[in-house]
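Let's take a walk through a protein model together. Keep the sequence and the 3D view side by side as you read.

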Amino acid sequence: SSSSSSSNNHSKNSSSSNWVGPATVFVSHAWQCKIHDVFDTILDYAREQDLQTGVEDSRTAGSSTTKSKSKGTKKSTSPPPTFFWFDLFVNNQHSISTKPFEWFCSTFQDSIAAIGTVLQVMTPWNNPAPVTRAWCLWETYCAVQLAQTRPSATAVRLVLRLPPNQRQAFLQGLEGNLHAVTEALVTIRAEAAQAFNPADRDNIFQAIRSTVGFAALNAAVKDQLREWY
C-alpha cells in the first residue's frame, strides 16, 4: 500500500540511512514540468525548512551530535531533515494506472494525511501546469479536504512553490505587466483541468463536487498564490 510511503521503499544499506526516512512532504507536480525545475523546487524547500527549524543536516555536517559547554557532546534533539515522497521513485509507474479510483479515495488520501504536507511545484508562474491537470488537482483537493476535516494541529498543509529560476521571470512580470499577475490569479479554474483518461477526470470532479466544491478549491489555490505575490 502507498501508506508505507518511501520509508518502506528504500535500500537497507546503512550508508544511505541519513538519506531516507518516513516521508514528511508529498511532492505534487505535473509531468510536463521540466524535471530540473521539480528537483530545484524540492531542494529549495528543504533548505528553507532547515533554516526555519535550525536543523544542521547530518548528511552534509558529517555528524548527528551537538556540543554543550557544560556537558560535552550529546545527541541532537533537533527535528529530523525533510523527507520527500516523490512518485517517480516510490510508485511503480507500470502498475499505478491499474489501481481503481477507490484506492485513491482511501489509501492514497490516508497517505497524504500521514505525510502532512503537500508541496506543489507551480511552473510556469503565469500559467501553472498543476492547476490544469486533474491528478494534480486531486492532490490539491486531498490537502484542502483534509485541512477542513482534521484538527488544526494535524491538518495537512498545502504549500505552493515557484522553481527558483521562475522567480526572476515573476518579478519581471510584476514590474512590467501587473495585469499578467492579476490574470494568473483570476483565471484559476480547477473545473477546467484535463486528464489523459476522461474517466479519471470524471471521478475526481465528482469527488470534489460532493465534498469541498470547486469554489472552495479554487479559493484555496488562489489564497496560496497570493502568499507568493
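A residue is called buried if its relative accessible area is under 20%, exposed if that value is over 50%, and partly exposed in between, using a 1.4 Å probe and protein chains only. What you're looking at is a predicted model, where local features need pLDDT of at least 70 and side-chain atom pairs count only at pLDDT 80 or more, while totals for chains, interfaces and linings use all residues. Residues are numbered from 1 along each chain as its sequence is written, and side-chain values use heavy atoms, with hydrogens and water left out.

You'll find Pro128 in the loop between strand 5 and helix 5. (Helices, H or I with at least four residues, and strands, E with at least two, are DSSP runs numbered from the N terminus.) If we skip residues up to four places away in sequence, Pro128 touches Met122 and Thr123, where contact means heavy atoms within 4.5 Å. The C-alpha atom of Pro128 is also 9.3 Å from that of Cys33, and these two residues are 95 apart along the chain. The loop between strand 5 and helix 5 holds Pro124 too. Have a look at the peptide bond from Thr123 to Pro124: this bond is cis, with omega near -5°.

Now for the sheet. Strands of a sheet pair through backbone hydrogen bonds, either parallel or antiparallel. In this model, four strands form an open sheet in the order 4-1-5-6, with parallel pairing. Strands 4 and 6 stand at the edges with a single partner strand each, so one side of each has no neighbour in the sheet. Two strands count as paired if DSSP finds at least two bridges between them. Strand 1 and strand 5 pair over three bridges, and strand 5 and strand 6 over five bridges. Leu119 in strand 5 is a handy landmark: Val27 stands opposite Leu119, and in strand 6 the bridge partner of Leu119 is Val159.

Strand 6 may be at an edge, but four of its five residues are buried. Take Leu158, which is found in strand 6 (residues 157-161). Its relative accessibility is 11%, so Leu158 counts as buried. What does Leu158 touch, not counting residues up to four places away in sequence? The list is Val118, Thr140, Ala143, Val144 and Gln224.

Next, follow helix 4, residues 101-115. The expected span of a helix is 1.5 Å times one less than its number of residues. Helix 4 has 15 residues and should therefore span 21 Å, and its end C-alpha atoms are 20 Å apart, which agrees. There is still a kink of about 30° in helix 4, centred on Phe108; the bend at a residue is the angle between axes fitted to the seven residues ending there and the seven starting there. The buried residues of helix 4 include Phe101, Trp103, Phe104 and Phe108. Among the elements covering the buried residues of helix 4 are strand 1 (25-28), strand 5 (117-121) and helix 8 (198-209). Just after helix 4, Gly116 takes a positive phi of about 100°.

Phe108 also brings us to the aromatic rings. Rings of Phe, Tyr and Trp (its six-membered ring) pair if their centres lie within 6.5 Å; planes under 30 degrees apart are stacked, over 60 edge-to-face, and the rest tilted. By this rule there are six aromatic pairs. One of them is the edge-to-face pair of Phe26 and Phe108, 5.6 Å centre to centre with 90° between the planes. Phe26 lies in strand 1 and Phe108 in helix 4, so this pair ties together parts that are 82 residues apart in sequence. Both Phe26 and Phe108 are buried, and together with Trp85 they form one aromatic cluster.

Last stop: the cysteines. A disulfide here is a pair of cysteine sulfur atoms within 2.5 Å, and the count comes to zero. Cys136 is buried at 4% relative accessibility, and Cys142 is buried at 0%.
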